[in-house]
Amino acid sequence: MSTTPADDLARTAELMEAAGGYAVQLLEGMSERPAARAPVRPEPRPLPLAGAGTSAAMAEFAARWEPGFAASAGPRYLGFVTGGSTPASVVGDWLTGVLDQNPTSGLDSTAPDLERETVAWLRELFGLPAGQQGAFVSGATMSNATGLAIGREWLGEQRGVSVADDGVAALGPVRVLSGSAHSSIGKALSLLGLGRSALRKVDVLPGREAVDVSRLAEALAELDGAPAIVVANAGTVNTGDFDDLAAIAALRERFPFWLHVDAAFGAFAALSPGHAHLVAALGAADSICADLHKWLNVPYDSAVQFTHRRDLQTRVFQNHAAYLGPLGEEPDPVHLTPENSRRLRALAAWFTLAAYGREGHAEIVRRDLALAARLGGRIAAMPGYRLLAPVRLNVVCFTLSGDPGGVDQVARAITESGEAFLTTTVYDGVPALRAAFSSWRTTEADVDRVAAVLEKVHRGSA
Ligand SMILES: *Cc1c(COP(=O)(O)O)cnc(C)c1O
């Protein structure tokens, strides 16, 4: 006999208690769980004909799958730019599934209003002006794509065509300028029909990832008055560098362009008194990307997208249907982003902001900044390694003082140790390692453990 959802419903309390107990065990073990695993795929299993119920599914998951899962929510997972999940955000995420709202429209629920409140809180957190209106999306890639789609519509407005109605062919060739654009910008341009080759790399300042604003001005001047898109970068993934946002924004007095700022994790610099100046001009952007599953420490997936041109946004994303009603003054989320139906992604963010407030989240950011500086200091003094850039924000970018080609082997050895997880990159032509700090869990003791494993791995390979 197969177990049915109704059978499980009769034991809801027991099942939820068991799931809660299992989750507590995982959360309490997170700091000692190996940071990453060399993936070993379990033997495949065919689709069960008869269901065994939730208890059996949980037991199977715990035996077959969970041991291979990384401690990406743990304190020494420093690969990519990876946040953990605060306790409040995990609770919010659970309740998201429990209540299973579809915040597409406000016809049936206040869920879209909770989303609006959360967006307003985030706007305040980042110090953005009220004119910047936001929407939830799945990640910075989607936020960049949404911002660039609005920018594409603006280009149409400048040229007297509607891309939303007539398609991207009506627009003609488009130039997108950026110093150190994230890979997701190319993906967005491909998706939007502008094409990856629309992106023109502008020179960066010597020894930096920040764009050389005078070279950007030259590139804009070459366009001879043709409207363009500029992607400014606030927090680059290799070295946490920032474009001069105020200087770039000021160029709009001389040249017509849409200013999109990718501030996926850099937006959180607003929470550190020593770094807030780097994003003081963020609000001057036409569209802004900020990730939440990184430095806000909410579970995947979550990001926010801001723009002050909601009229263009709804032109691109409106989803006309008789049953959804008119756009109105406050358009429902369905009219703002690529998605229609989706989860109430805002709830986890709402929970963590309600639980810890601005000060709690500022403390996480300030601590991570101090920890990155601490690791940078340790590496600078460590035989066998050298820093490739000063630690400007939360990313430490370094390489081997001997043959930098050995970084892959070092990264592998670190992963195998279970102590930490770092990812590799190539910075200014040099193979490198990156350690990015964005978890609420990381402490000084964790940095010391990371430093110890780096020393050990280097001795082992020397
Ligand atoms: C992480 C990141 C992205 C892409 O974000 P996803 O959340 O993976 O979609 C884009 N830009 C920057 C600067 C990032 O750090």
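**View 1. Pairing of strands S2 and S4.** Ser178 stands opposite Val231 of S4 in this predicted model. The two strands concerned, S2 (residues 176-178) and S4 (residues 228-233), run in the parallel sense and are joined over three bridges. Strands of a sheet pair through backbone hydrogen bonds, either parallel or antiparallel.

**View 2. The open sheet of seven strands.** Seven strands, ordered S1-S7-S6-S5-S4-S2-S3, make up an open sheet with mixed pairing. The edge positions are taken by strand S1 (133-137) and strand S3 (199-201); each has a single partner strand, so one side of each lacks a neighbour in the sheet. On average, and with direction ignored, neighbouring strands of this sheet are turned by 20° against each other.

**View 3. Helix H8 against the sheet.** Helix H8, formed by residues 183-191, lies across S2, S3, S4 and strand S5 (257-262). Relative to S3, the helix H8 runs at about 155°.

**View 4. The surroundings of the ligand.** The ligand is surrounded by 13 residues. The closest are Gly139, Ala140, Thr141, His182 and Ala264. By class, the shell around the ligand comprises six nonpolar, five polar and two charged residues.

**View 5. Crossing of helices H4 and H12.** Helix H4 (residues 87-99) and helix H12 (residues 346-380) have axes that come within 7 Å and cross at roughly 145°. The crossing of H4 and H12 is right-handed. On the H4 side, the contact is made by Ala88, Ser89, Val91, Gly92, Asp93, Leu95 and Thr96. Helix H12 contributes Leu347, Ala348, Trp350, Phe351, Thr352, Ala355 and Tyr356 to the contact.

**View 6. Crossing of helices H13 and H14.** The axes of helix H13 (residues 407-417) and helix H14 (residues 444-461) come within 10 Å, with a crossing angle of roughly 125°. This angle makes H13 oblique to H14. The crossing of H13 and H14 is right-handed. From H13, the residues Gln409, Val410, Ala413, Ile414 and Ser417 meet Val453, Val457, Gly460 and Ser461 in H14. The residues of the contact of H13 with H14 comprise five nonpolar, four polar and no charged.

Note on methods:
Residues numbered from 1 in each chain as written. Predicted model: local features only at pLDDT ≥ 70, side-chain atom pairs only at ≥ 80, totals over all residues. Axes fitted to C-alpha atoms, helices over the stretch in contact; angles between N-to-C directions. Helix = DSSP H or I, 4+ residues; strand = E, 2+ residues; numbered from the N terminus. Parallel < 35°, antiparallel > 145°, perpendicular 65-115°, else oblique. Left-handed = near helix turned anticlockwise from the far one by under 90°. Contact = placed C-beta atoms within 7 Å. Nonpolar A, V, L, I, M, F, W, Y, C, P; charged D, E, K, R; others polar. Pairing = 2+ DSSP bridges. Near = placed C-beta within 6 Å.
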